[in-house]
Amino acid sequence: MNARMFRRLLRRLGVGFTAAYFALVSRTAPKLATKQAAWRWLLLPQNAGRRMDNRPGSGQVEQIPGENGALVTECWGSIGAPVVYLLHGWGGWHGQLGAFVVPLAAAGYLVVGVNTASHGMSAPGRFGSKHSSGPEMLDSFEAIVRHWGSAHGVIAHSLGCVVACKAIVDDKLATQKLVLVSPSENLYDIVAQYGKRLRLAPRALDALLPTIEDISGGTLAEADICALAATGKLPDALIVHDLLDKEVPYAAAQLISANWPGARLHTTQGLGHHRILKDPAVVALAVEQISQSSSAAS
């Protein structure tokens, strides 16, 4: 059975069988189990929240050459106006952030919806269809930035928050304004929880993190927003997070804001991880953050 057939089998059989499989194989063939678990880590989630489409209508679609195929952006507003990027999270797409389009375009911005490799409208990336990694998302975003140029602002969601911050720290993106919605928590903890859910034996569990980093092409240390903020390169930011977020705990936003002097935390309740992106009050607050001291409309 090759790797592709194995991944299809796991999806069909469900989480319970998957954990039982890894519990057994990680004790009899730990290297194989670790590699398979690492590749499974790259599988993109497909839940309904990530498929939400909050766009007001079709914009200008443009295909940008990527490493393995076209990266698709959709934009609204006047070409040449200050750019605001809408950057999705893990398994998401730019349509989720579509509620920000109308007020930003009305404020005089060119709004660019981003789809990184294997996400949304973009072609599959280096890991194939429905698979990606944080470093690949970063590479895709940087390619899109090279095409559209530096930004007046960025509104990012979930893992996209890490990608935006990393691009800024790496001097691949210059921007004045930053809005982070439901930013990701420390990925070290997530990997540890993931390995335990798969019931990996200790030897396989210990090897999981370096194997994931080797396959994905980057270290998890590079995905720590608190560490990125400590560089002093990030602009002031608005962080919006829901108390009842089931995907990324609210404590993640508290920790980030506590370690980022230029960050301001706004708390919501009852909007979760995805509905928060279309809440009128959240949209208005984000647009206000982007527009403050702006000359875009003048």
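Predicted model: local features only at pLDDT ≥ 70, side-chain atom pairs only at ≥ 80, totals over all residues.
Begin by selecting S118, which sits in the loop between β4 and α4. Is S118 buried or exposed? Its relative accessibility is 15%, and because buried means under 20%, S118 counts as buried.

Now move to S158, in the loop between β5 (151-157) and α5 (159-169). S158 likewise has a positive phi, near 55°, in a residue other than glycine. With a relative accessibility of 7%, S158 also counts as buried.

Eight strands form an open sheet in the order β1-β2-β4-β3-β5-β6-β7-β8, and their pairing is mixed. At the edges you will find β1 (60-65) and β8 (263-268), each of which pairs on one side only. Neighbouring strands in this sheet are turned against each other by 20° on average, with direction ignored. To see what lies against the sheet, select helix α4 (residues 134-148), which packs on it and touches β1, β2 (70-76), β3 (83-87) and β4 (110-114). The direction of α4 makes about 115° with that of β1.

In strand β6 (residues 175-181), six of the seven residues are buried, so the strand is largely enclosed by the rest of the structure. Then select β7 (residues 237-242) with β8, a pair that also runs in the parallel sense over six bridges; here I239 stands opposite L265 in β8.

From the sheet, turn to the side chains. In soluble globular proteins, nonpolar side chains tend to be buried together. The largest nonpolar core of this model has 64 residues, of which Y85, F141, L173, L178 and W260 touch the most other members. Helix α5 gives the most to this core, with nine residues. Which residues does W260 touch, leaving aside those up to four places away in sequence? Around W260 you will find C165, L178, L180, I225, A229, L234, P235, A237 and I239.

Select helix α9 (residues 250-258) next, and colour Y250, A252, A253, I256 and S257, which are buried. These residues lie on the same side of α9, because they cover an arc of only 155° around the axis. What do the buried residues of α9 pack against? Their partners are α8 (225-229), β7 and β8.

Finish by colouring the chain by pLDDT. The chain averages 92, and 93% of the residues score at least 70.

Key: Residues numbered from 1 in each chain as written. Heavy atoms only, no water. Pairing = 2+ DSSP bridges. Helix = DSSP H or I, 4+ residues; strand = E, 2+ residues; numbered from the N terminus. Axes fitted to C-alpha atoms, helices over the stretch in contact; angles between N-to-C directions. Contact = heavy atoms within 4.5 Å. Buried < 20%, exposed > 50% of the residue type's maximum accessible area, 1.4 Å probe, protein only. Core = buried A, V, L, I, M, F, W, Y, C linked by side-chain atoms within 4.5 Å. Arc of directions from axis to C-beta. pLDDT = per-residue confidence, 0-100.
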